[in-house]
Amino acid sequence: MSSSPLPEIPALGYLADVPQEHRAFLTGYGTFVRPTDGERIITEGDSQDSLYLVLKGTLHVTSNADGRAVLLASLKEGETLGEINIFDPTAASANVTSIGECLIWKLTREDLESIFDADPLVANLVLKGILKQVSRRVRRMNEKLLANEKEVFFDFWAEQSSEE
């Protein structure tokens with residue numbers, strides 16, 4: 001447990017539907033991280049077992065491709081990363097770096113288990129929020145894949161028509 005710089009965690013991201021008194025309870029769990037500008041939070045390939053909620057600031061998610069960093073996402077207040085790794089710890093698939101001043105709430109798998117032991121109702125609210133957020137991401141990814149497939153399909157048929 002760590003001391004919180006806040007009286008309660010704001011109603012952001014996967015905690016948006018969690019009542020104030022439960023968010024106040026959650027401030028006693030996890031770690032509040034204040035990275036400096038340009039500080040690496042997660043390194044691609046390293047072991048990763050935590051869930052991060054951006055309370056303030058911006059994080060850049062990058063991956064290396066052909067020797068250069070490719071920006072995959074720019075995460076702002078209320079956005080999260082690590083939703084999968086908290087349940088299925090594995091190597092990080094990308095680098096995460098702070099941009100400017102940030103405040104992040106980090107929960108490890110052990111922190112989440114401690115919340116379950118202390119208050120199963122709060123833990124269930126947290127899990128519902130995480131599942132809701134993961135579901136939204138899967139839907140967005142499906143939409144992007146479908147849009148890309150339609151474009152590839154259209155390009156294929158356009159090429160076929162021009163060859164005739």
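User: Which helix does Asp111 lie in?
Analyst: Asp111 sits in helix H2, which covers residues 109-118. Keep in mind that this is a predicted model.

User: Okay, and is Asp111 buried or exposed?
Analyst: Asp111 is buried, yet has no salt bridge.

User: Which residues is Asp111 in contact with, leaving aside neighbours within four places in sequence?
Analyst: With those set aside, Asp111 is in contact with Tyr29, Gly30 and Lys106.

User: Switching to His22. Where is that one found?
Analyst: His22 belongs to helix H1, residues 20-26.

User: New topic: pockets. How much space lies in the largest pocket?
Analyst: About 860 Å³.

User: How many residues line the largest pocket, and which lie nearest its centre?
Analyst: The lining has 27 residues, and Ala73, Thr80, Glu83, Arg137 and Met141 lie nearest the centre.

User: Which element gives the largest share of that lining?
Analyst: Helix H3 does, with eight residues. H3 runs over 120-163, and strands S5 (68-75), S6 (80-81) and S7 (90-91) each supply at least two lining residues as well.

User: How do the lining residues divide into nonpolar, polar and charged?
Analyst: For the largest pocket, 15 are nonpolar, seven polar and five charged.

Note on methods: Residues numbered from 1 in each chain as written. Predicted model: local features only at pLDDT ≥ 70, side-chain atom pairs only at ≥ 80, totals over all residues. Heavy atoms only, no water. Helix = DSSP H or I, 4+ residues; strand = E, 2+ residues; numbered from the N terminus. Buried < 20%, exposed > 50% of the residue type's maximum accessible area, 1.4 Å probe, protein only. Lys, Arg positive; Asp, Glu negative; His and termini not counted. Salt bridge = Lys/Arg side-chain N within 4 Å of Asp/Glu carboxyl O. Contact = heavy atoms within 4.5 Å. 1 Å grid on protein atoms, 1.4 Å probe; cavity = no way out; pocket = protein on both sides within 12 Å on 5 of 7 lines; lining within 4 Å. Points joined across faces, edges and corners; volume = space filled by probe spheres on them. Nonpolar A, V, L, I, M, F, W, Y, C, P; charged D, E, K, R; others polar.
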